[in-house]
Each structure stands twice: as C-alpha cells, then as structure tokens.
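Here is a briefing on one structure. Start with the chain contact, then move to the domains and the recorded spans.

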Amino acid sequence: MHIVDGALANPVVIGGAVLAAGGIAMGLRSLTLEKIPAAGVLSASFFVASLIHVPIGPSSVHLILNGLAGLVLGWAAFPALFVGLLLQAVFFGFGGLTVLGINTLNIALPAVLSGLMLGPLIARSSPVTGAVWAGIGGAFAIGATTLMVAASLMLSGDEFVPAAQFVFVAHIPVMVIEALLTAAAVYLARQVKPDLFNALQGARP
Amino acid sequence: MAHILSPRRAALAQGDEGAGWLDRIDPRSRILGASLFAVAVVACSRLEVLGLAFACSLALLLAARLPIRPTLKRMAAMDGFILFMLVLLPFTVPGEAIVTLWGFTASWQGLARAVEIALTANAVVLALMVLVGTMEPVTLGHALHALKMPERLVHLLMFSIRYIGTLREEYLRLRVAMKIRGFRPRTNWHTYRSYGYLVGMMLVRAVERSERILGAMKCRGFSGRITMLHSFRLTRADLAFGAGLCGTLAVLLLLEFGPWP
C-alpha cells in the first residue's frame, strides 16, 4: 500500500510529513534508553514480518501487521514503522522519498489507534477474548490504513477515485487475513510470554 | 554476514573501479543530493522534463557501474505495485479520446498523467537506490545522525539494520521447523493460525533477545551516545558532485518553469 512520488498533491504530501513528524516525536519521547533495544528489535521483527507472503487462493499477499505493531509498541509504532519504510525505500526501492511522511502516517496512525483503544482491553481479558479483540484491532488497522490511502489519493484529484475504491475493495481479504493472524499471534504471545505487551509499557503516554 | 539490506555490496566488490567515485563522495552529500533531486523532480510536471530527469537517473546508474539488471528489476517491482493505478488513469481523467474499450473511454490527458507519475516515481527511486542504497546500512545511520536526525531515531534505525538479518534467519529456521513437521501453506484457517503463531513466536523471541542485548549493552557502559565510526569530511569530490547536481537541477527547473510554451 505504498504511494509513490509524483502521485499526490503537494498539500497532502506536506501535511502528511508534518503529522508524521509529530507522531514520530511522540513515539521517541517515550523511548528511554532502557526501551531502545526492545523497540529496535521489535521494529526489525515487523520489517521481517512484512516480507512474509501468505497464500490466499491462487495468489499471495504480504503481511503489514500494523495493528499488531500498535498493540505491542504503542506510540513507538510511529518511529518503528517509519524506519521500516525508510529502509524499504532506500534498499528495496519500494514507495518513495517525498512520500515517506504520508506513507508513515497512513500506516502508523491506525497502528497507534488500535494499540491505544484495544491494548488495555486485551490486557484485562482472558487469552481467548483478548485474541478476539486483537483480531478486531488487526482488521481495524488495515481498514483504516486503506481508507487513509484512499483519502490521500482522493484529496489529490478526482481522477484517483476509482483507484482509491479499488484499493479498498482489494484489501478486504487482507483485512480478514491480518485479523486472523493478529489474533493468533496475540493468543500465542499471551500464553508463552504474557509480559510481551509490557515490554514497552511506559511507551504509552 | 550476508545481510538482506545490502545484497548489491557483493556484486559491487567485484568491479568497484567505476563505483569508486561514488564511494569518494561524502554519504551526507549523497543523502542531501538524493533528497534535493526528489523534491525538484516532484515539483516538475512537463513530460519532457520528467523524461530528462529519468534519463539523468539512468545515467547515474550507468556511471555508478551498478549491476544494471538487478537494480532495474527492483525498480520494476515497485512499478508492479502502481501498475493498476497507472492503467486506470487514462480511463478516469476526462479529455480527448484515444480509444473506447467496453464503453470506457481512454483520454490522452489521462495517459499523460499516468506517464507523468511513472516517470517521477521511477526517476526518484532510481536516484535514491543509486546514491543512498549503495551505502553500507550502518554508514547510512551515521550519516543521518550527522545530518541531525534525532539520536533515538538513529538508534532505532541502527537496531533495525543490525537485527533484520538475524531475525530473518530466525524466521527461516522456524519455517524449516514447520516444514519438516509437514506444514504446507494453503488458504485455510490452519495456515493462518500457524502463521499467526509463527509471528507471535518471532515477537516473543525478539523481546527475549532484546533483554539479552540490553544486558550486554549495560555491561559495556552504554550511555545513549552514538559513537562516530566515520569522520565525515567534505572534499573536492563533494564540490564536484554538488556543482553537477545543482547544474542538473537548474536545467530541469529552468526547462519546467522557464518562459517557453
């Protein structure tokens, strides 16, 4: 769901960059020295997870897992996902340079929102109920990201409206897959290492 | 260490004669250069100018003597992402008709818009991959630090660079373990649950690893400072690079915004 250079209108690109910078600053503020290794290694894990391709019918999709990133990292998901997008642009040629801000915003804001809304609920409930909430978070994050990508395109010009609608419809199966995976991942993590979600506990200001 | 982020390095090492000039340019100049080029190209919208900008990126690729095929292949991978949007554009922008397919009319204006986006995106990404993507990832971190990127963000970047390779190996080990137990990915609940457990396990292991890392760093007196391994110095090569870049951008912008029709 990368937007490339040259597609968006300047106000959208600049607005996205400013908001993303704000989000990154929020995320960094909460990262003390003690938490940097955990945040760094988790941000590398989400980069690796985004390379995983999951079969769907005759095709396959790559994972985004921004909902899970938000649940685990809280506000730190902003800088973590920014770092991932930067590395992808520089070394893989995915996305673009001037659109780094808006791409970060589109992926990280839904991540942080799902973390803030559902994190406390998951912590309170039993593993099975927690997994259901996590699944909702995973679906919400992908859905919101898709809507934000569609909105960025539509704000840039009416000619993108069909493309934006297509992006949304095409991602409905991705939402389902991400929901299932996020639910399973959170269920396992709660069973194996319940304090995974506390690794960056203070990271939610 | 075979690192996923720098596969080109190995190819570069074989014939680094030509890439030598690129290595002599300060990493900071290369990052700034790529960024300036990106902003200038995004500001342009004339097809001739964008074509020229893309030609400049191609020339840069040739001059850097990078392996051409793999680099262009990566660029094409990005085009795969946006192909659908580009194909759709001629049909959604109103204007002079080229052809009518199943009741939908493609317009020249829409085609021009699609070509514009494709040229911009490819010119920027190619220049970025040649100028910045050829750096050691760690050098990129140090250069961004020297360019005043916040220290904690640089730490996060460095940790990602360092552990992406390690964690990917761990992922592949887990996949092998699944495979020898007869796991074959299909479109079903079992597959998605197994992948979810796989991701969950990766996160658990990542956090446990980070605890060991923190211990090791504390033991060595880590204080949050980034020790500069590289002392960056601007040389004559940077002046030449900067002059060449500014000249190119001036020509591009003059052609775009100049007083001609």
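**Salt bridges between the chains**

Four salt bridges are found across the interface of chain B and chain A. The model is predicted. Over all chains, the structure holds eight salt bridges.

- B:Lys218 pairs with A:Glu34 in a salt bridge, and their closest N and O atoms are 3.3 Å apart.
- B:Glu211 forms a salt bridge with A:Lys193, with 3.6 Å between the closest N and O atoms.

**The interface of chain B and chain A**

- The contact draws 76 residues from chain B and 70 residues from chain A.
- Together the two chains bury about 6,300 Å², and 81% of that area is on carbon and sulfur atoms.
- Eight residue pairs are in polar contact between chain B and chain A, counting pairs with both residues at pLDDT 80 or more.
- Which helices of chain B each supply at least two residues of the side that touches chain A? They are α3 (27–43), α5 (68–92), α6 (108–131), α7 (137–146), α8 (151–180) and α9 (189–219).
- The largest share of that side comes from α9(B), with 22 residues.
- By residue class, the side of chain B that touches chain A has 53 nonpolar, 13 polar and 10 charged residues.

**Domains of chain B**

- Chain B is divided into domain 1 (7–135 + 231–257) and domain 2 (143–219).
- The C-alpha centres of domain 1 and domain 2 of chain B lie 32 Å apart.
- Five residues from domain 1 of chain B and four residues from domain 2 of chain B take part in the contact between them.
- These two domains of chain B bury about 380 Å² between them, 94% of it on carbon and sulfur atoms.
- Which residues of domain 1 of chain B lose the most area to domain 2 of chain B? They are B:Arg28, B:Ile31 and B:Phe232, which together account for 83% of what that side buries.
- How many salt bridges link domain 1 and domain 2 of chain B? The count is zero.
- Residue pairs in polar contact between these domains also number zero, with both residues required at pLDDT 80 or more.
- The side of domain 1 of chain B that touches domain 2 of chain B has four nonpolar residues, no polar residues and one charged residue.

**Transmembrane regions from the UniProt record**

- For chain B, an unreviewed UniProt entry lists "transmembrane region" at residues 31–61, 81–102, 114–133 and 237–255.
- In the model, residues 31–61 of chain B are 90% helix and 0% strand, with the end C-alpha atoms 16 Å apart.
- Residues 81–102 of chain B are 55% helix and 23% strand, and the end C-alpha atoms lie 25 Å apart.
- For chain A, an unreviewed UniProt entry places "transmembrane region" at residues 12–30, 36–56, 68–91, 97–119, 131–154 and 166–189.
- Residues 68–91 of chain A are 88% helix and 0% strand, and their end C-alpha atoms lie 24 Å apart.
- Residues 166–189 of chain A are 96% helix and 0% strand, and here the end C-alpha atoms lie 34 Å apart.

How values were computed
Residues are numbered from 1 along each chain as its sequence is written. Chains are lettered from A and ligands numbered from 1 in the order in which they are written. This is a predicted model: local features need pLDDT of at least 70, side-chain atom pairs count only at pLDDT 80 or more; totals for chains, interfaces and linings use all residues. Side-chain values use heavy atoms; hydrogens and water are left out. Contact means heavy atoms within 4.5 Å. Buried area is the accessible area (1.4 Å probe) that two parts lose on being put together, summed over both. A salt bridge is a side-chain nitrogen of Lys or Arg within 4 Å of a carboxyl oxygen of Asp or Glu. A polar contact is a pair of N or O atoms within 3.5 Å; within protein, one must be able to donate a hydrogen and the other to accept it, and residues adjacent in sequence count only if both atoms are side-chain atoms. Helices (H or I, at least four residues) and strands (E, at least two) are DSSP runs, numbered from the N terminus. Ala, Val, Leu, Ile, Met, Phe, Trp, Tyr, Cys and Pro count as nonpolar, Asp, Glu, Lys and Arg as charged, and the others, Gly among them, as polar. Domain bounds come from an automatic or database domain assignment. UniProt positions are given in the numbering used here, feature names are shortened, and annotations may be inferred rather than shown by experiment.
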